[in-house]
2 protein chains.
Amino acid sequence: MAENITPRKSDYSQWYQDVIREAELADSAPVRGCMVIRPWGYAIWENIQKGLDARFRATGHENVYFPLFIPQSFLQKEAEHVEGFSPELAVVTHGGGKRLEEPLVVRPTSETIINHFFSKWIGSYRDLPMLLNQWANVVRWELRPRAFIRTTEFLWQEGHTAHATEAEARAEAVRMLRVYEEFARKVLAVPVIAGRKTEREKFAGAVESYSIESMSGNGWALQSGTSHYLGTNFARAFNTRFLDENNEQQYVHQSSWGVSTRLVGAVITAHGDDHGLKLPPEIAPRQVAVVPIWKSEAEKAGVLQAAERIASDLEAAGIRTKLDDRDTVSPGFKFNHWEVRGVPLRFEVGPKDLAGGHVTASARNRPGREGKFTLPFEGLAGETRSRLASIQSEMLADAEQRRDAMTYEVRTYEEFKAVFEEKPGFYRLWWAGGREDEERLQEETRATVRNIPLDQPDAEGTCFMTGRPARSMAIVARAY
Amino acid sequence: MAENITPRKSDYSQWYQDVIREAELADSAPVRGCMVIRPWGYAIWENIQKGLDARFRATGHENVYFPLFIPQSFLQKEAEHVEGFSPELAVVTHGGGKRLEEPLVVRPTSETIINHFFSKWIGSYRDLPMLLNQWANVVRWELRPRAFIRTTEFLWQEGHTAHATEAEARAEAVRMLRVYEEFARKVLAVPVIAGRKTEREKFAGAVESYSIESMSGNGWALQSGTSHYLGTNFARAFNTRFLDENNEQQYVHQSSWGVSTRLVGAVITAHGDDHGLKLPPEIAPRQVAVVPIWKSEAEKAGVLQAAERIASDLEAAGIRTKLDDRDTVSPGFKFNHWEVRGVPLRFEVGPKDLAGGHVTASARNRPGREGKFTLPFEGLAGETRSRLASIQSEMLADAEQRRDAMTYEVRTYEEFKAVFEEKPGFYRLWWAGGREDEERLQEETRATVRNIPLDQPDAEGTCFMTGRPARSMAIVARAY
């Protein structure tokens, strides 16, 4: 167990904070609820951005940038939207030394300002679909902040699309949810459940909302991305219309979808252990840390030379490598340094390794003996690449296994209440309840309906709460 | 001349706005001074980011993200800084439905908030140098906005570094200025003049400021990037100290440096012509537009097939290519579409081209006959790549020639006043004036001292304004 990190079992929330501090991912800002993302944390986010951005382009989206400030009146144009966001807004009342005539809202999301422009840019069916995305900061006032997971300012991407038909816009919302799901599995090694949100949990202004939900080490659910079919709600509010092929004016149908720096929180909570962070190789800022080990000055030169050569060979092969040649700290200090930061592979290079023609490797995802092995200098880059690929799939398999082991099914609300407190996790339950049932559920157990998975068993059942016939199962869990 | 674009000669400012609108680079926002960056404009900015980011990494900098909101009291800690920025601030007074105890400033730049963290993170000389950079949005209230060049919100990067010694921090400020200079020349094909700012034009809080200045088509100067040696000004205000090797507390010496979306304005104004935008291949979102041309349906299939093949071969060779296969608009419309957007090469593929086994190419940087040539299908990708490289260097050479042709030397203020209004441009003049001379200069001629170039003639002269002996020449011009 790493010094300075509270074990998960004794206090999971404290463990989370400790990992963030010790891995130097982030620091809290003087303004409550805001954070600084430090180099190691930001590099993870950049790798996430890279992977997502490529997927957005491959699905035909273009990047843009809309303004940070939105006139307050814009939000008021869509009734549910303003109601949902009002309590979370930051408001600029003064600019350039003067009181503003109309206060400006710091964007909590950009549906309104984007619709203002969609109504300028969209004239005919030929302009559709319009498929845009932006990478930006947004602000939602947060009373119970938690680094990466809930912060007043956060970084995200928001996709905004306009379509000629309802079917197309609905398909887009689901398509992008599936992109998130695939990305989470493949790149973050985080198995998520893609599903539809209930009425109660819908985005303010949406007709239908979807989410991906990941599981934290303590069995809580983290909503890690959302996608919405907005219908014509914003189009009506902003008069976003187009001339269809019959020369008639129609409102556009829209979608919006986003993931944020919260994904870093999903990675920490899905993979981390009592030694710190565990990073899937795909997003690790450094995939290999090379630690030269010498006792005498006589050994130093040869060891350093070999370590440098290894590091530069790996880099040349496209493997993100760090040679830790500091001579102000001990090898043990370095081991801990890279372990707590979650670097997938550590290579030790000492005199014995030189003599044996190999490095001594440690895989971060297999603590102890199991993760120790030697790799010959000969063909090292190729072997490293294949080990990294194995680690990536092992991490997904392990996360899946952990999640499955903490996924339960019960038949009745009584059964649920009896076990939920003691066995937190995902409860896959037949569901036909309404808003009031959800409220009661949350009040009595702190659990909520996370989503109704898109992938359903080919069967019907009985709602665990209401006893009504149910056509779909829901994921019920405590939200992080 | 393109329809809808005012010729530069008749109204340069209107030309600039027309190009931005017709090339669909940006649109103005409902909040005065803010803008939306549209896909074509944003893709240019992304290419600029990519090139700069690689250079920052190569020089040892790491990316981070600091908060958007800064407590108002932070700015007040550095006297010159708050005086300089106060008139430009946007202030958040309400958050989460409540009036805030302390108003928050939307960052105009991040020296203060970063120093708050530097003083937490820096303990000993071993933590130095600390070399950070962030890509972010900032807000400076703007009364005379102009898309890309002066906007209330803009996107930029800001480097912030802390060093053990003055010499190191000063060297860093100059090093990063030279990085900007090289980037502007090589990637943007914009020759800039790197130099030191006068006392009067210094950044609020800096000991020494530097800039790169590009020239617009009408002979005005555009400050396209700045770099500052901050001394210990912010370190003293925030108590940012370290234990040196003798175990004594010392203030860190700092630098900061930034470029913004204004660089897009530098590209537009340095290269654009009466047909619209001209993009250097290095940053063009699309380097080649392929336009298939057919008259009859019989021709269509063959032409389209060839055009598709060409476009996919070029893409596969790493050349950013767009196949414009729309059948709702004419070839002439497409030519104009890509011309106004500044795409470096246009390939036409018609029945005659198919028969001849070539494409008919037009280079955007050589309007008319001179820029027309054919390229055989055989070896097309390689030849395209080499043509793009030629265009890149031709554009730099042309921009240099234009700038040199509009760079003048005069000996006296009388001479200067006689010609400046009629012959705007860069005036390389011996300079030994002070703040009052600069003020008088600006009042009487609207010209300012842009900078004192780092590269100076090996000579001395007589100040054109004061008649005093002068050891360096200055660039005097009208600022955009």
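Start with His94(A): its bridge partner in β5(B) is Val91(B). That bridge belongs to a pairing between β5(A) and strand β5 of chain B, residues 90–95, which run antiparallel over five bridges. Two strands are said to pair if DSSP finds at least two bridges between them. Strands here are DSSP runs of E with at least two residues, helices are runs of H or I with at least four, and both are numbered from the N terminus.

Some housekeeping. This is a predicted model, in which local features need pLDDT of at least 70 and side-chain atom pairs count only at pLDDT 80 or more, while totals for chains, interfaces and linings use all residues. Residues are numbered from 1 along each chain as its sequence is written, and chains are lettered from A and ligands numbered from 1 in the order in which they are written.

Now the whole contact. It takes 42 residues from chain A and 42 residues from chain B; two residues are in contact if their C-beta atoms, placed from the backbone, lie within 7 Å. On the chain A side, β5(A) gives the largest share, six residues. Other elements giving two or more residues include α2 (39–58), β6 (98–106) and β8 (153–163) of chain A. By type, that side divides into 25 nonpolar, ten polar and seven charged residues. Nonpolar covers Ala, Val, Leu, Ile, Met, Phe, Trp, Tyr, Cys and Pro; charged covers Asp, Glu, Lys and Arg; the others, Gly among them, are polar.

How are the chains related?

Last, a sheet elsewhere in the listing. Five strands of chain A form an open sheet with mixed pairing, in the order β16-β15-β17-β18-β19. β16 (321–323) and β19 (372–376) are at the edges with a single partner strand each, so one side of each has no neighbour in the sheet. Strand β15 (residues 288–292) pairs with β16(A) in the parallel sense over three bridges, and Ala289(A) has Lys322(A) as its bridge partner there.
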